[in-house]
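Please open the model in your viewer and keep the selection panel at hand.

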Amino acid sequence: MSIPLVDLVAQYRTIEREIDEAVKAVLTRGAFILGPNVAALEEEVAAYCGARFGVGVASGTDALILSLRALGIGPGDEVIVPSYTFFATAEAVSLCGAQPVFVDIDPRTYALVPEQVESRITARTRAVIPVHLYGHPAPMEAIMAIARRRGVRVIEDNAQAIGARVGRRPTGGIGDVGCLSFFPSKNLGAYGDGGMVVTSDEAVAQAVRKLRQHGWERKYHPDVIGLNSRLDEIQAAVLRVKLRHLERWTEARRAIADRYRTLLHGAPVGLPEEAADVRHVYHLFVIRVAGRDAVAAQLGARGIATSVYYPLPLHRIRPYREMAPEGVFPESDRAAAETLAIPMYPEMTEALIAQVAGEVREAVRGAVRGPRA
Ligand SMILES: *Cc1c(COP(=O)(O)O)cnc(C)c1O
């Protein structure tokens, strides 16, 4: 039997009745944009992230763009981002007309390195965007201390880490602004695109609220140039159902991670680490292996889906390669060459987990020996 990376239909089956009722209630009420479910979800997600305000938007990418714009970041400004993350983290900066400035990652947590952040701050630096990659929190205490000292704003890219914590504080609510994605495969996923900005800064919340809808507060009276980036009511209704299950799903992910760790113990495989005092939410379970592409091919042939997040660090993708950013980022290069995500979703059974782990052990042995006949 082949095993997918995530199984969204399996998840739907576990909550089918609740979802169907919630969607039907929206269809029969007839309000589809910025209705009562969006307003309620904004409050619920903000509270879950330890922030005062939530503003639903059309995607995680838009959450980043609107946060940057709400902070007044634009041409002439610099924003520090990790060189190993999903493209949108830097894309949002570029789209606002600002300059992304890359720093390397810590190979144990995949988060940007605070000392490097500090060394890249200039008179033009307006913000830093730590990314809680794969569900592991970035070192927020150190980043916040540097940002406060140097007068730089902090935008958390929390697209992969809703429910993660640093100590007792949920990610997303630690920086000045937190950005969430509800892309279907994210830990809290809609059945379409969606995102949210969370913040405890009322002015920022208001600015995002205005920008997400044509720059107006009063209909047809725009104050600034905004855009159309709204979360729709059906997705909000789906997300409110799913949010009620999120803690249970997160605990299931963590239990699966524990099983993988036990079953892969002693194999020549780099396993994800957890920094002290953080809650990792395992959006992805990413291992590191020598001969990564051969291992992936062999797993694929044995019916185990894998994926590479991400095959190119940002300083090597075409738009930024041509911009020739300063600096070298060896850990980002290494991560791009060695990382491999293996199946991780809350509905995985013990049998599936064991099957994946067994095949990974086989594949890494094969990769070390060379291709199997
Ligand atoms: C998914 C993701 C985004 C963008 O979210 P979308 O909803 O797909 O626009 C941004 N940053 C990171 C790290 C992500 O994983």
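How do the residues of the lining of the second largest cavity divide into nonpolar, polar and charged? They divide into six nonpolar, three polar and two charged. In this scheme Ala, Val, Leu, Ile, Met, Phe, Trp, Tyr, Cys and Pro count as nonpolar, Asp, Glu, Lys and Arg as charged, and the others, Gly among them, as polar.

The model is predicted: local features need pLDDT of at least 70, side-chain atom pairs count only at pLDDT 80 or more, and totals for chains, interfaces and linings use all residues. Residues are numbered from 1 along each chain as its sequence is written, and side-chain values use heavy atoms, with hydrogens and water left out.

**The second largest cavity.** Select Arg108, Tyr134, His136 and Glu273, which are among the residues of its lining.

**Polar contacts.** Now display the pairs of N or O atoms within 3.5 Å. A polar side-chain atom of Thr61 is 2.5 Å from a ligand oxygen atom. For Ser181, a side-chain N or O atom lies 2.6 Å from an oxygen atom of the ligand. At Gly60, a polar backbone atom is 2.8 Å from a ligand oxygen.

Key. Polar contact = N/O pair within 3.5 Å; in protein donor to acceptor, adjacent residues only side chain to side chain. 1 Å grid on protein atoms, 1.4 Å probe; cavity = no way out; pocket = protein on both sides within 12 Å on 5 of 7 lines; lining within 4 Å.
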